[in-house]
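I opened the model and kept notes.

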Amino acid sequence: MTGPINVSPKAIASDKSVKLDYDIVYVRAPRNGDKVGTNWPEISNPVYMDPGADLMLLHPDGTEEVLVKGGVVQ
């Protein structure tokens with residue numbers, strides 16, 4: 001790796017060359033730093049994931065909506 005990862009990218013709406021007219025669903029998961037790995041689900045084990053991730057909806061205007069709030073198991 002050549003440097004730190006930018007975890008605060010510009011909003012898609014700020015780039016006028018990108019034309020999105022549909023919503024995007026994605027998972028927003030917490031990071032534990034650059035030296036700590038994270039667990040992601042895969043086809044063979046879909047429940048293998050770190051706690052605390054949210055299911056998000058990104059609208060074409062750049063606004064976000066939480067569809068399912070993640071939680072930390074205690």
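I took strands as DSSP runs of E of at least two residues, numbered from the N terminus. By that rule Val-25 lies in strand β1.

The model is predicted, so I needed pLDDT of at least 70 for local features and 80 or more for side-chain atom pairs, while totals for chains, interfaces and linings use all residues. Residues are numbered from 1 along each chain as its sequence is written, and side-chain values use heavy atoms, without hydrogens and water.

**Strands.** I checked the pairing of β2 (residues 54–58) with β3. The two run antiparallel and are joined by four bridges; a pair needs at least two DSSP bridges. I found Leu-55 bridged to Val-68 in β3. Five residues sit between the strands of this hairpin, and Gly-62 has a positive phi near 95° there.

**Surface.** Which residues make the nonpolar surface patch? I listed Val-25, Val-27, Trp-40, Leu-55, Leu-67 and Val-68, with about 510 Å² in the patch. At least two of its residues come from β1 (24–28), and at least two from β3 (64–68). Patch residues have over 30% relative accessible area and no salt bridge; nonpolar side chains (Val, Leu, Ile, Met, Phe, Trp, Tyr) are joined within 5 Å, like charges within 9 Å. Areas are Shrake-Rupley with a 1.4 Å probe, and only the protein chains shown count as cover for residues.

**Salt bridges.** I searched the whole structure and got three (Lys or Arg side-chain nitrogen within 4 Å of an Asp or Glu carboxyl oxygen). Arg-28 pairs with Asp-54, closest N and O atoms 2.9 Å apart. Arg-28 is in β1 and Asp-54 in β2, so the pair ties together parts 26 residues apart in sequence.

I used a 1 Å grid over the protein atoms alone: in a cavity a 1.4 Å probe fits but cannot get out; a pocket is an open set with protein on both sides within 12 Å along at least five of seven lines; lining residues have an atom within 4 Å of a point. Volume is the space filled by probe spheres on points joined across faces, edges and corners. I counted one cavity of 30 Å³ or more. The largest cavity has about 40 Å³. Its lining includes Trp-40 and Met-49. The largest pocket holds about 370 Å³. Of its 19 lining residues, Val-7, Pro-9, Tyr-26, Leu-58 and Glu-64 are closest to the centre.
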